[in-house]
Amino acid sequence: MRRLLLFAIFGLAALVGCDTAALETESQVVVEAYLEAGEPMDSVRLTRTARASAEYTPERTAVQGADVQVQRLNDSGGVAATVPYTETDSTDGLYIPETPATVKPQGTYRLRAAPPEGPVVTAETTVPAPVEAVRTQNDTTTYPAPEPDDENSDPPQFELTVRPGPSALERQNVYVLTSRSLLDLQSIPASPPKSVAGRLLTPFYLDQYDADSDTLASFRVNSSGLLNEANFTSNDDGTVSITLPWLAVAFYGPNQIRASVVDNNLYDFLRTQSAQQMSLAPGEIPNIDADIENGTGIFGSFAEASGKVLIRPPNPTGDDIPLRP
């Protein structure tokens with residue numbers, strides 16, 4: 001469930017609504033599932049596409065009563081292990097592992113979901129090698145003032161240095177950076193006036209904030225697009241140093257920064273999502289590259305490393321924000 005929430009920033013539901021498959025009379029099964037290297041297997045969500053004129057909500061389109069399992073494959077493509085999934089009582093269409101299982105780095109996994117009606121949906125992913133967080137720099141820093149005194153007055157940016165594993169793909173590693181505020185937002189009004197939000201949100205996000213329609217929680221998690229490893233600093237010891245852009249920080253205070261190496265499925269999904277967002281006319285909107293047989297959506301994997309940074313406001317008043325999580 002944690003990963004569904006984390007990668008909800010990729011906008012799966014909205015993106016599927018743009019897929020031309022959603023215009024067909026017969027709906028498709030939509031898969032949303034992620035595997036993280038070295039972590040327990042997470043949940044699988046199954047829904048169906050909605051017609052272009054209908055509202056798409058996971059609750060109303062949930063696929064119930066499906067036979068779901070995730071298989072780990074051996075080097076010859078046979079099944080080495082199978083983890084059966086069961087539907088939760090709390091959320092329709094959400095399936096969780098019946099027994100705990102850890103995702104093997106660089107392992108290949110097959111999702112098999114047989115709905116009560118229609119063909120069996122399958123997808124495969126090869127999990128990236130682990131990524132190790134080696135060190136961080138500028139763990140406490142100050143957000144730059146809107147009008148700095150001189151060109152050299154910008155404060156140092158947070159830097160996360162990681163040691164990526166070898167890529168099993170015929171390309172360099174591709175990353176997604178995600179920042180998540182660790183502030184206790186439950187102790188703060190969900191939609192405070194803009195004068196109050198200004199003591200919590202950094203300038204770019206404050207400009208987008210509307211107290212009548214937005215909540216602070218909707219700004220908690222922010223993600224970059226796909227970033228090639230060549231965008232970062234490669235060190236002689238094989239590590240990669242990633243500098244956090246100020247634009248990625250929505251909240252002052254404590255933030256967790258994740259650097260995720262993505263598999264081919266997430267790479268294709270995000271790449272075609274970006275192409276959809278750049279399309280100007282409905283006739284020009286391309287389908288997503290789903291890599292799923294008899295369905296659509298995403299069954300992807302990733303490996304990640306993370307660090308924490310404390311971002312202070314440029315002009316603190318002493319009690320502007322709670323600096324602890």
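Predicted model: local features only at pLDDT ≥ 70, side-chain atom pairs only at ≥ 80, totals over all residues.
Two strands count as paired if DSSP finds at least two bridges between them. By that rule, strand β8 pairs with strand β10 (residues 159-164): 6 bridges join the two, and they run antiparallel. Within this pairing, glutamate 132 stands opposite arginine 163 in β10.

The pairing belongs to an open sheet of 4 strands, in the order β8-β10-β15-β14, with antiparallel pairing. The edges of the sheet are β8 (131-137) and β14 (233-234), each of which pairs on one side only. In general, the strands of a sheet pair through backbone hydrogen bonds, in either a parallel or an antiparallel manner.

The mean pLDDT of the protein is 85, and 81% of the residues score at least 70. Strand β3 (residues 67-73) has the highest confidence, at 98, while helix α1 (residues 2-6) has the lowest, at a mean of 42. The pLDDT is below 50 over residues 1-11, a stretch that has 34 contacts in the model beyond near neighbours in sequence. Residues 13-23 also stay under 50, and for them the model has 25 contacts beyond four places in sequence.

Aromatic rings form 6 pairs. In one of them, tyrosine 175 and phenylalanine 232 have ring centres 5.4 Å apart and planes at 85°, so the pair is edge-to-face; the cut-off for that class is over 60 degrees. This pair links distant parts of the chain, 57 residues apart: tyrosine 175 is in strand β11 (residues 174-181), and phenylalanine 232 is in the loop between β13 (227-228) and β14. Both tyrosine 175 and phenylalanine 232 are buried. Elsewhere, ring pairs link Phe204, Tyr205, Tyr209 and Phe219 into a cluster.

Threonine 142 is in strand β9 (residues 140-142). Its relative accessible area is 29%, so threonine 142 is partly exposed, the class between 20% and 50%. In sequence, threonine 142 and proline 155 are 13 residues apart; in space, their C-alpha atoms are 6.1 Å apart. Threonine 142 touches Pro155, and also Trp246, Arg312, Pro313 and Pro314, not counting residues up to four places away in sequence.

Asparagine 255 is in strand β16 (residues 253-262). Asparagine 255 counts as buried because its relative accessibility is 2%, and the cut-off is under 20%. A polar atom of the side chain of asparagine 255 lies 3.0 Å from the backbone oxygen of glycine 253. Leaving aside neighbours within four places in sequence, asparagine 255 is in contact with Arg180, Ser181, Leu182, Val249, Gly307, Lys308, Val309 and Ile311.

Conventions: Residues numbered from 1 in each chain as written. Heavy atoms only, no water. pLDDT = per-residue confidence, 0-100. Contact = heavy atoms within 4.5 Å. Phe/Tyr/Trp six-rings, centres within 6.5 Å; stacked < 30°, edge-to-face > 60°. Buried < 20%, exposed > 50% of the residue type's maximum accessible area, 1.4 Å probe, protein only. Polar contact = N/O pair within 3.5 Å; in protein donor to acceptor, adjacent residues only side chain to side chain.
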